[in-house]
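Colleague: Please put the model up, and I will ask about its spaces, its ligand and its backbone.

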Amino acid sequence: MKYYITTPIYYPNSSPHIGTAYTTIAADAMARLRRMKGDDVFFLTGTDENAQKIVRTAEGCNMDPQSYVDGIVDKFRELWRLLDISNDDFIRTTEKRHEKVVQAIFNRLYDKGDIYKSEYEGWYCTPCETFWTQNKLVDGKCPNPDCWREVELLKEESYFFKLSKYQDRLLQHIKDNPDFIQPASRRNEMIKFIEGGLEDLCVSRTTFQWGIKVPFDPKHVVYVWLDALINYISALGYPDGEKFIKYWPADVHLMGKDIVRFHAVIWPITLMALGIPLPKKVFGHGWFLSREGGKISKSRGNVQDAFELIRRYGSDPIRYFLLREMQWGVDGYYSEDDLVEKLNSDLANDLGNFVSRTLAMIVKYNGGNIPAPGPSTDLEKELKELSSKVKQTVEEKMLACDPAAALEAVWQFVGRCNKYVDETAPWNLAKDPGSKDRLNTVLYTLAECVRILGIFTAPFMPGVPKKIKPLLGNLDLFTDWEQTDQWGVLQPGTAVQKGEPIFPRIDVTALMAEKPAEQENEKSAHADAEKEKSKSIAEIKEEITIEEFAKLDLRVVKVLKAEKVEKTDKLLKLEVEMGQEVRTVVSGIAQHYAPEELVGKKVILVANLKPAKLRGIVSQGMILAASQGDQLEVLSLTKDIPTGAQVK
Ligand code: MSP
């Protein structure tokens, strides 16, 4: 069977980071599994280079856009190499092969009457590369909640694409094909969005020249999203390339939730207009957020150098952590501490120890050769049954784009293997010559478990089978997925080695010592500043009992509206939602927050504080904030806890 999987093509306006790496790693795991199942896989990734923001960033660095992107694209390629990404192609939208296809498609849509010339007057958000109408803006800014940056007014001659013409067909397709947009939450969002009415899309720009020229009107460059989406077929050699004929339609377009809209509207309509079948699935996963809150992104300044992380921990642990943490359909959290924790517990303790113990026991109790097994018992039968169940679960979960659940199933097997060691206690069997047959069965079964785990983990951590191979007789045993529930594959007599642990534990103290000196300096400067600050920290108030504390009724509320209280410079009047109720609260935070920064935030309200009148407004509670000196931050929630929930 053929299997075509894609990642988004990334903007090379800045280096890749953990957030952008997730999609590529997830797609890689899916591609690897399908290859191991014997499918004919094509896995595509690449870079989206014709964006206005690239021009801006390059200008800021006094560079021409091409040289600028060339440097960053090298970093993407290098990161994918270090992360063991097995893409079959890497497309750059500045390549001739892509430009040719985009121009041919533009011509075709124009000839067909689906693209027409008119004038665009409206707003543009360069960071999101998105057009917005006046009524969509929020307080005059980009309405994308992750952006909310300034937009620019555009008034220019443009070509438009008749999205409206295809609205009903698209809606019908989405409704008839529940798998087309996944998860269901994004599908419902898209249905609502399309039902709200599609406007024709501006698909060319004239105010800068970087990009693919409209072939019959070269003062226009093609709008970057139309250009970018076409990569999925230009890389296959559309319209008559062998690969296009073989691999299209795509089985999965994998991406973050923020760009599903483009893939669920502009892309299928382009394909419909060209008379090409639509992709089978558009899947939008959640984002990686930092523990402090907010998406991991360059613009928020909370990204960590991915290259440095790989140097410290290696590629497999990073792949494992990201794949395991991103639960299906929701956001995940990333922090280096959590990464180290998972590495030590799941990889070093659970998996690594099992492999080491097994091999050490074969060396110790059978001279380093895998013994021929004696008769089996229910315990071995149970392991065999579990391997089939895990195999099936992994396949199903990966088909549903859920690597976290697939890994959870694999770890169920890891856990069972460890339990089998404890249950069979080979060290006791070894003491009793009468148990030799049983010991042989156990050691053989354990070696088989190591082999099977090498295959189970291979799509997620391709480095694991490479490490196990020399320990298990240097045999090529890890490429055939079907062998995960076949037992009796290892030949008795195969020589094994103890080797080094496949995942050494991370010693956190040693790690800190290894971190670069500047970081240490930064840390000590930070510590000094903290010491300085702490001098002015207020004294702890008198003790209270838990009963006294329990009198406080703290609740999660969402800020619906915020405005300055007239004739004061400190007060904001907030309207907050607490379950079914809406309350008014006056808060002295106006010098720290612009009203619009608070709207949509979930904050904490002292809900049973006696109402007080401030500047004629009755305040029904108090918002909690942390403050020191002239700093202040309202305490807010990063998870989606419903309003009205108690804070205890
Ligand atoms: N160039 C467009 C995609 C065009 S596809 C035809 C683009 N590029 S991007 O570089 O901004 O983002 C690429 C992908 O990275 C998106 O799917 C986005 O959701 C994902 N991520 C960026 N930061 C992320 C996290 N913090 N977490 C998870 N994914 C994130 O959009």
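Colleague: How many cavities of 30 Å³ or more does the structure hold?
Modeller: This is a predicted model. A cavity is a space where a probe of 1.4 Å fits but cannot get out. With the cut-off at 30 Å³, the number of cavities held by the structure is one.

Colleague: How much space lies in the largest cavity?
Modeller: The lining includes Asn50, Gln52, Tyr124, Glu129 and Arg205. By class, this lining has seven nonpolar, two polar and two charged residues. The space inside the largest cavity is about 50 Å³.

Colleague: Which helix gives the most to the lining of the second largest pocket?
Modeller: The second largest pocket has a volume of about 590 Å³. Of its 24 lining residues, Phe131, Lys136, Phe193, Glu199 and Arg261 are the closest to the centre. Several elements each supply at least two lining residues, among them strand 4 (115-125), helix 6 (184-195) and helix 10 (260-274). With four residues, the one that gives the most is helix 10.

Colleague: How many charged residues are in the lining of the second largest pocket?
Modeller: The lining is sorted by class, and 13 of its residues are nonpolar. Another five are polar. The charged residues number six.

Colleague: Which residues come nearest to the ligand?
Modeller: The shell around the ligand has 24 residues, divided into 13 nonpolar, eight polar and three charged. The residues that come nearest are Asp48, Gly256, Asp258, Phe288 and Ile296.

Colleague: Why is the pair of tyrosine 22 and phenylalanine 288 called edge-to-face?
Modeller: The whole structure has 27 aromatic pairs. In this one the ring centres are 5.6 Å apart and the planes stand at 70°. Planes over 60 degrees apart count as edge-to-face. The angle of 70° is therefore what makes the pair edge-to-face.

Colleague: How many residues apart are tyrosine 22 and phenylalanine 288 in the chain?
Modeller: Tyrosine 22 is in helix 1, and phenylalanine 288 is in strand 13 (residues 288-290). The pair thus links distant parts of the chain, and the separation is 266 residues.

Colleague: Which residue does a cis peptide bond join to proline 239?
Modeller: Most peptide bonds are trans. Proline 239 sits in the loop between helix 8 and helix 9 (242-247). The cis bond there has an omega of about 10°, and the residue joined to proline 239 is tyrosine 238.

Colleague: What is the omega of the cis peptide bond between glutamine 182 and proline 183?
Modeller: Proline 183 has its place in the loop between strand 7 (181-182) and helix 6. For the cis bond that joins glutamine 182 to proline 183, omega is about -5°.

Colleague: What is the phi of tryptophan 148?
Modeller: Most residues other than glycine have a negative phi. Tryptophan 148 lies in the loop between strand 5 and strand 6 (152-161). Although tryptophan 148 is not a glycine, its phi is positive, at about 55°.

Conventions
Residues numbered from 1 in each chain as written. Predicted model: local features only at pLDDT ≥ 70, side-chain atom pairs only at ≥ 80, totals over all residues. Heavy atoms only, no water. Near = heavy atom within 4 Å. Nonpolar A, V, L, I, M, F, W, Y, C, P; charged D, E, K, R; others polar. 1 Å grid on protein atoms, 1.4 Å probe; cavity = no way out; pocket = protein on both sides within 12 Å on 5 of 7 lines; lining within 4 Å. Points joined across faces, edges and corners; volume = space filled by probe spheres on them. Phe/Tyr/Trp six-rings, centres within 6.5 Å; stacked < 30°, edge-to-face > 60°.
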